[in-house]
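The structure is shown first, and the notes follow by topic.

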Amino acid sequence: MRRELYLILFSLLAWLSPVGIIQGIPLGMTASEPIPANAWVAIDTFAKKHQIQCRLVSNQVILTKNGHRMVLTPGSNQVLFDGIKVFLTYPMEGGRTGGMPTRIAECRVRQLDVHYYLRPLWGLNLKQKRKIRTVVIDPGHGGRQDGTIQHGVREKDLTLKTALQVASKLRALGYKVYLTRHDDRDISLDDRANLAAKYKADALVSIHYNSAPSLSARGIETYVFHLYGQPGTHSEPSSDDFMPGYAYPFNGQSRCLGWCIQKRIINALKMQDRGVRSENLKVLRLSACPSVLVECGFLSNVQECKQCASPAYQKMLSDAIAQGIHWYFMDF
Ligand SMILES: [Zn+2]
């Protein structure tokens, strides 16, 4: 019955707005058994099932296993995994009102977040076979698209500089690497993502630099495609071409890749950890492989801009990104 409903809904949608939909499948999506957005999993049930230690310490849920540690806070969607922030789609429920202490049995996480964040990060999904890996590195912007321009630094120049260094470090580690551009030129988001499909890439990493109205904003953010039809870290669910029954097929892997890169950068460069976040980003959605977008520092912050543009930072940053990608392929 539900399938029929989807079919009718789709026919209607396809007829109304064929934009963004090819042969019945929303671009970048594959058919997927839907996980009801309002289904919950008790955190201690999840932990017990996978032999993860689970305890409550000063109103936070601490999961530990094999030297890894995850901290979840009732009422918050921010999780710390081995010290790195990851934003779940929804907050963990279980905070009690009126100053009552939290009870672990009442702490629960959305099944969507268990499926796409907790399971992949805890390495509970099937490991892939190792082979020579192909990676697409995407220097953001280029040509007429400058990206942000701050303190005399153009984002498009810096992204290219970083990407070229990441590429050469990955090649030294034995990877096959393609860049979406080698020089200052315009490339559409579709063409960037298409390159990943053309070369059957195992991962796409898009390199960007950040800016914000608040000049004190600083630090590193890594973005993954948001759970299709769900809110992003800072956005409402988008309904432009949403069709139930489909999902971006690389949700879990992208979150692991994002976490690996974010952790390597934070550890190596001691930058502020702004977390692994999710948004509706086209270049990620259209990539037919695990994909992330790294915001490598705030050019709008005068100190951080100077730091980002320095050769020492570029060297350490590109090393951390390459090592993060390598770590992902070794461990997840
Ligand atoms: Zn950018």
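**Salt bridges and the zinc site**

Arg108 and Glu93 form a salt bridge, with their closest N and O atoms 2.7 Å apart; a salt bridge here is a side-chain nitrogen of Lys or Arg within 4 Å of a carboxyl oxygen of Asp or Glu. The model is predicted: local features need pLDDT of at least 70 and side-chain atom pairs count only at pLDDT 80 or more, while totals for chains, interfaces and linings use all residues. Residues are numbered from 1 along each chain as its sequence is written, and side-chain values use heavy atoms, with hydrogens and water left out.

**The Arg108–Glu93 pair**

- Arg108 belongs to strand E10 (residues 108-110), and Glu93 to the loop between strand E9 (84-87) and E10, 15 residues apart.
- Helices (H or I, at least four residues) and strands (E, at least two) are DSSP runs, numbered from the N terminus.
- Arg108 is partly exposed at a relative accessible area of 32%, and Glu93 is also partly exposed, at 37% relative accessibility.
- Buried means under 20% relative accessible area, exposed over 50%, and partly exposed in between, for a 1.4 Å probe and protein chains only.

**Other salt bridges**

- The count of salt bridges comes to twelve.
- Asp202 and Arg133 meet through their side chains in a salt bridge of 3.5 Å, N to O.
- Asp202 sits in the loop between helix H5 (189-198) and E15, and Arg133 in the loop between helix H3 (111-121) and strand E11 (134-139), so this pair ties together parts 69 residues apart in sequence.
- Asp202 is buried with a relative accessible area of 13%, and Arg133 is buried at 6% relative accessibility.
- Glu221 pairs with Arg274 in a salt bridge of 2.8 Å, N to O.
- Glu221 is buried, at a relative accessible area of 5%.
- A network of salt bridges links Asp146, Lys156 and Asp184.

**Zinc site**

- The zinc ion has His141 (NE2), Glu155 (OE) and His208 (ND1) as protein donors, at 2.0 to 2.2 Å.
- Donors are N, O and S atoms within 2.8 Å of the metal (3.2 Å for Na, K and Ca); water is not among the atoms, so sites may look incomplete.
- The spacing of the donor residues in sequence is H-x13-E-x52-H.
- Glu155 lies in helix H4 (residues 155-172) and His208 in strand E15 (residues 203-210), 53 residues apart, so that pair links distant parts of the chain.
- Both Glu155 and His208 are buried.
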